There are 2 protein chains.
Amino acid sequence: MRRNGDPEMILTRDGFDGDAVVSDGNKFITGNGKFGYRGTLDEMTREHCVGLNIAGLYDGVEGKWRETVNAFNPFYLQVYADGKPLCAWSDNVIGHRHSLDISCGVFSRETRFSVCGGTLELKAQRFCSMADVNVLASRLTVSSDVDVAVEIVAGIDDDVWELNGPHFSSVAKGCREDMLYAVGSAQESGTSVRVNCKFSSVPNRFDGRFAHFYVTVAAGKTYVLDRIAQVLVGDEQPTPTEDYDALYARNADMWSKMWDRSDVELEGDGIDRAQFALRYSIYQLLILTPRGDCSIAARGLSGQTYKGAVFWDTEMFLLPFFMNTDIAAAKRLVEYRIRTLDGALAKAKSYGYKGAFYAWESQDGYDACSDFNVTDVFTHRPVRTYFKDKQIHISADVALGIIRYFDKTQDNELLLRGGLETLLQISLFYYSYSYYNHNKDRFELLDVMGPDEYHERVNNNAYTNYMAYHCTVRALELCRALRREFPSEVAAVLRRFEPDICDSLDEWASKLYLPACGDNGVMEQFDGYFALEDVTAEEVRKRLVNPREYWGGTTGVATATRVIKQADVVMLAVTLPQYFTVGQIAANYRFYLGYTEHGSSLSASAYALAACMTGRAEDAWKWFLHTAEIDLNGGGKQWAGDVYIGGTHPAASGGAWMVAAQGFEQICRPKFLHRVVSHHE
Amino acid sequence: MRRNGDPEMILTRDGFDGDAVVSDGNKFITGNGKFGYRGTLDEMTREHCVGLNIAGLYDGVEGKWRETVNAFNPFYLQVYADGKPLCAWSDNVIGHRHSLDISCGVFSRETRFSVCGGTLELKAQRFCSMADVNVLASRLTVSSDVDVAVEIVAGIDDDVWELNGPHFSSVAKGCREDMLYAVGSAQESGTSVRVNCKFSSVPNRFDGRFAHFYVTVAAGKTYVLDRIAQVLVGDEQPTPTEDYDALYARNADMWSKMWDRSDVELEGDGIDRAQFALRYSIYQLLILTPRGDCSIAARGLSGQTYKGAVFWDTEMFLLPFFMNTDIAAAKRLVEYRIRTLDGALAKAKSYGYKGAFYAWESQDGYDACSDFNVTDVFTHRPVRTYFKDKQIHISADVALGIIRYFDKTQDNELLLRGGLETLLQISLFYYSYSYYNHNKDRFELLDVMGPDEYHERVNNNAYTNYMAYHCTVRALELCRALRREFPSEVAAVLRRFEPDICDSLDEWASKLYLPACGDNGVMEQFDGYFALEDVTAEEVRKRLVNPREYWGGTTGVATATRVIKQADVVMLAVTLPQYFTVGQIAANYRFYLGYTEHGSSLSASAYALAACMTGRAEDAWKWFLHTAEIDLNGGGKQWAGDVYIGGTHPAASGGAWMVAAQGFEQICRPKFLHRVVSHHE
């Protein structure tokens with residue numbers, strides 16, 4: 001296992017690049033599951049998208065999207081030498097680099113300036129403590145080869161970068177000796193957010209907002225200023241904190257333990273790049289380790305994009321990692337869904353359905369998804385989108401998470417305390433959503449949207465139907481098994497349903513339509529998909545009039561074609577391979593590949609896993625790198641219509657881990673999948 | 001009854017208006033059901049949209065929309081005086097007027113020119129003979145108060161105005177003494193179109209294209225040149241024709257007979273404008289009297305807009321007029337649908353349904369409607385539209401036409417020769433299209449589009465569900481009655497279906513969901529309509545970025561609002577009032593009015609009829625005038641996205657007749673509707 005300071009664990013940018021400030025904010029992010037601190041420099045402000053994002057604290061300002069709250073930034077700091085500010089982009093910069101040590105989650109920067117005829121060097125380090133999640137610490141050192149009089153302005157920047165704020169109704173701030181503080185209340189809930197920042201020296205003065213330190217840095221000497229911040233949400237109370245070195249050591253130690261149970265080493269020649277990308281992906285997952293009642297947001301803790309909401313990404317792409325490396329964290333993710341069952345019941349009811357229809361964008365169970373989630377680039381009007389009301393596969397994704405967690409842990413307790421009810425409510429939802437086709441004597445799931453969001457309101461989406469079927473069959477199986485062992489507890493759960501619920505679901509599942517693979521092995525993504533225009537994603541891309549256009553909807557370039565955002569059938573095949581032969585997986589892989597735009601960061605890892613399952617070593621490697629390097633490349637889609645959707649891509653990181661830890665081994669044993677396909681048609 | 005030449009029957013434009021050339025082409029149109037000749041001047045060409053439109057002859061050129069064919073124009077004529085062409089827009093025009101005598105379908109023009117120090121007057125008259133539908137005749141007179149040497153260039157213009165041509169693969173033309181001819185073959189079918197044009201004088205020379213006449217018009221004298229054209233389609237043979245005066249008299253006589261059975265006289269003060277508009281509407285209907293196997297196109301014979309196809313307009317807005325004035329013509333309209341049942345069976349089958357799914361845009365039963373019927377004004381890309389595959393009410397509209405015709409005529413013969421089978425196939429289509437909602441123990445019609453096309457893919461559209469229900473119940477009733485009288489014939493019809501077809505349809509209809517009016521009397525247009533944004537049509541209009549934008553689709557301004565193109569529920573209430581109380585009709589009228597854009601020319605007459613039914617005299621009058629004057633005002637929507645949809649509006653004319661002949665009388669007897677509402681809910 002690589003340790004703190006190992007150069008193979010360090011990501012570096014040499015030189016300052018003004019155009020990369022926002023993407024570096026994502027790429028060099030630090031965090032500890034409760035807070036994320038973007039990879040910006042101390043002298044930066046809201047215009048550089050500095051962000052200290054709080055997990056799971058949501059706030060909505062009237063008429064705008066509800067989103068997570070960014071806290072006040074305790075680490076604002078500006079050094080002045082010779083009366084002039086020293087910034088990474090100043091004229092007198094001689095050299096700059098910043099780096100992220102993924103072995104211990106420490107962000108560092110070093111910048112050298114030409115000052116007073118000599119060279120002054122600024123260094124700073126920063127981390128969000130994994131050992132004490134309310135604590136963030138930073139150390140500044142200033143050294144010079146000539147004597148320089150320096151002023152340091154530091155403090156808590158309450159001019160917070162927000163997408164849909166302002167989230168604080170008022171801010172109280174002040175200074176007590178060596179400590180600054182700022183306290184505000186979130187507008188909607190009134191939840192208080194307090195940021196304390198303690199300096200290692202007493203400032204010379206406080207101007208009401210920032211502290212000022214007047215220092216002469218003597219030639220050859222080094223000036224050090226440490227800052228220890230505590231961020232307290234709600235009724236959390238401040239605790240005494242250790243000094244920087246002690247905090248640093250404890251943080252590094254905790255990271256070391258986490259790496260011990262999480263690291264995946266690749267073997268072979270020329271794998272350095274891939275190994276780093278994989279570890280970087282694991283780093284991105286570790287800094288999201290869920291705390292308290294929270295789950296993980298789709299853009300992690302990199303900001304407010306996607307409203308800090310929890311998507312299906314969690315169950316499908318993050319849960320596998322945590323289930324294999326940190327079962328307590330995995331349990332939190334599963335419990336989050338069980339705890340928010342009420343929200344899912346309410347959502348189903350609001351649409352006239354029974355059972356549990358989970359939020360597409362969950363904020364503690366509330367669905368933050370708008371019916372107008374995209375802005376048209378031509379008219380700048382909101383576009384009616386169907387993520388919220390038609391992407392019904394979310395409930396089955398949630399169910400699969402519970403089922404997989406149970407399969408791993410045999411945790412009957414979790415099933416009895418909400419898990420089983422959640423599973424049955426999810427099945428009941430599909431039951432009530434479905435229609436009976438009297439011409440074909442089968443139930444169908446009509447008017448849905450699969451993971452491929454470019455095709456709205458389709459019938460019998462393969463991914464959705466199979467997932468609903470599978471989770472219902474498993475839910476009934478678990479229910480029966482549990483009833484044998486805990487008859488009265490299960491009876492109590494079942495009393496919340498109609499008396500014949502299990503029989504109804506049983507009968508229903510046996511008549512739910514499951515599209516079969518054709519003679520060529522290909523499964524149709526939804527009714528009528530094969531009849532759409534047969535054109536590749538690349539060809540369709542050329543039809544764009546505006547590069548930010550939304551590809552779906554009525555007028556999107558993909559809508560009337562076979563071009564898809566991501567391949568639902570490939571995703572289904574890697575998720576529930578028992579319904580496919582290896583030959584069928586290969587056939588679907590080949591068929592859908594050219595049509596796939598990979599407009600979702602979830603797409604590449606599904607293809608990578610399918611490539612692994614079918615012995616396509618080169619393809620698997622290519623898709624793996626694509627997935628593992630998304631955040632390193634600052635890639636992924638930045639815009640959906642006029643809406644900014646940038647940030648980190650935890651699901652891609654989770655996907656990279658899945659490919660490395662669960663996929664690659666299959667390439668050497670491609671026959672593992674030769675199970676019998678046993679489903680009705 | 002008004003006669004030929006009565007000034008109250010003449011529509012006139014004084015002065016030439018270059019901007020009105022295209023709309024005058026519609027407004028001053030002449031026709032005889034087989035041909036329509038646009039109201040253009042003899043010196044005009046394709047750039048002025050001169051058109052001699054042939055009813056029911058369709059041609060498609062690869063990759064373009066299939067449409068009716070325009071014949072070669074036999075009436076091109078250019079007079080030269082003093083070497084200069086005399087056009088209505090020439091510098092030397094002293095005065096111009098053109099007019100249409102709707103008593104006999106004669107178009108006239110008079111233009112005076114300043115020539116050689118004197119005044120030269122050109123007059124021309126033209127008509128499509130109602131007495132012999134292959135014949136068109138024109139008379140030119142030239143007079144002057146000074147001697148003028150004149151050259152007349154006249155002949156058959158084969159440079160045809162076409163929207164999606166060229167439709168003739170080759171043209172043969174020539175001159176035999178006093179007759180020119182041009183013959184071409186439609187590209188798709190090879191059907192020949194021959195235009196002969198006979199002059200009353202032998203031309204001085206023929207230049208290969210046009211005939212030239214050199215004439216000196218002496219002061220105070222009048223030069224006359226008659227042209228008698230025959231247009232022969234397919235294997236029609238030329239017949240000897242009479243001279244202009246005889247043809248004129250026979251045409252006027254035939255018109256007189258038609259007016260005798262069609263005229264509607266309004267009584268009261270200040271009704272001159274309305275009376276003319278009503279007669280003008282009747283004129284527009286009379287020139288469309290169907291001939292041969294044809295029905296009536298949505299834009300009549302005014303050109304190729306809407307592909308010359310037959311829409312639901314025919315059954316819902318035209319059939320009532322013909323059924324009350326010309327039962328033979330009405331029968332042709334009904335027989336057209338029975339004859340094209342095969343096309344409807346094939347369309348249903350192509351979508352996986354049973355029974356008869358009629359063409360949204362029928363060209364002899366073939367559905368000319370494209371899946372991409374609108375072009376986006378921003379991207380200029382085709383937009384996926386759902387007129388063809390989701391506007392399933394068309395089949396019930398067709399059924400209602402047959403039922404109404406039978407109710408009027410008791411024509412058992414028509415039912416036995418296809419009518420009954422058509423009705424049952426239509427019901428079977430709805431049966432197979434529907435899904436069973438096991439939660440609510442009812443059948444539903446999902447994923448449809450009602451007449452209000454701005455809301456695509458809705459569930460349980462009120463108009464559609466009631467029409468399907470009503471036509472099925474009536475079809476079964478007619479079947480049972482007919483079986484008593486003609487047991488073996490009906491048994492033969494029923495052998496084409498499953499043995500229990502009647503029982504299945506009976507059971508199905510009894511469980512088909514019919515939305516009820518709420519306590520406030522309002523019926524929801526479709527599932528979820530009430531939840532849409534509550535905003536008026538006027539408010540929504542302000543949101544347009546481009547005035548030609550399509551209001552529907554995903555990104556249209558109306559889509560996510562209550563704003564509708566036309567009111568489905570109001571249309572339903574005036575079509576099947578037995579399912580409503582007068583109070584409910586009034587409630588729906590009031591409720592939907594503010595939301596209605598009237599983007600369809602069918603909208604105003606539905607509102608007019610509802611106003612009549614609920615005693616709203618002023619409103620009825622307003623909507624009546626709006627409907628009756630659409631073509632007089634050159635109004636109606638000219639664009640759907642980037643697609644030109646101009647032309648005459650026969651359905652509005654038919655609607656105006658319905659309001660005048662069937663609506664107005666109800667205003668004095670507003671209680672006629674107090675029938676018992678008897679339908680299940």
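**Strand pairing and the chain interface**

Tutor: In chain B, the strands β2-β3-β4-β5, in that order, form an open sheet of 4 strands with antiparallel pairing. Strands β2 (30-31) and β5 (67-71) of chain B each have a single partner strand, so one side of each edge strand is left without a neighbour in the sheet. This is a predicted model, in which local features need pLDDT of at least 70 and side-chain atom pairs count only at pLDDT 80 or more, whereas totals for chains, interfaces and linings use all residues. Residues are numbered from 1 along each chain as its sequence is written, chains are lettered from A and ligands numbered from 1 in the order in which they are written, and side-chain values use heavy atoms, leaving out hydrogens and water.

Strands here are DSSP runs of E with at least two residues, and helices are runs of H or I with at least four, numbered from the N terminus; two strands pair if DSSP finds at least two bridges between them. Within the chain B sheet, β3 (35-37) and β4 (52-59) run antiparallel and are joined by 3 bridges. Tyr37(B) has Leu52(B) of β4(B) as its bridge partner.

Chain A holds an open sheet of 9 strands, in the order β1-β8-β9-β10-β11-β18-β15-β14-β13, with antiparallel pairing. Its edge strands are β1 (10-14) and β13 (168-176) of chain A, each pairing on one side only. Direction ignored, neighbouring strands of this sheet are turned by 15° against each other on average; axes are lines fitted to C-alpha atoms, for helices over the stretch in contact, and angles run from 0 to 180 degrees between N-to-C directions. Helix α2 (244-262) of chain A packs on the sheet, touching β9, β10 (118-128), β11 (135-144) and β18 (222-233) of chain A, and its direction makes about 55° with that of β10(A).

Turning to the interface, 33 residues of chain A are in contact with 33 residues of chain B, contact meaning heavy atoms within 4.5 Å. Arg381(A), Tyr435(A) and Thr554(A) supply 25% of the area that chain A buries against chain B, more than any other three residues; buried area is the accessible area (1.4 Å probe) that two parts lose on being put together, summed over both. The two chains bury about 2700 Å² between them, 53% of it on carbon and sulfur atoms. There are 2 salt bridges between chain A and chain B, a salt bridge being a side-chain nitrogen of Lys or Arg within 4 Å of a carboxyl oxygen of Asp or Glu. Glu549(A) forms a salt bridge with Arg381(B), with the closest N and O atoms 2.4 Å apart.
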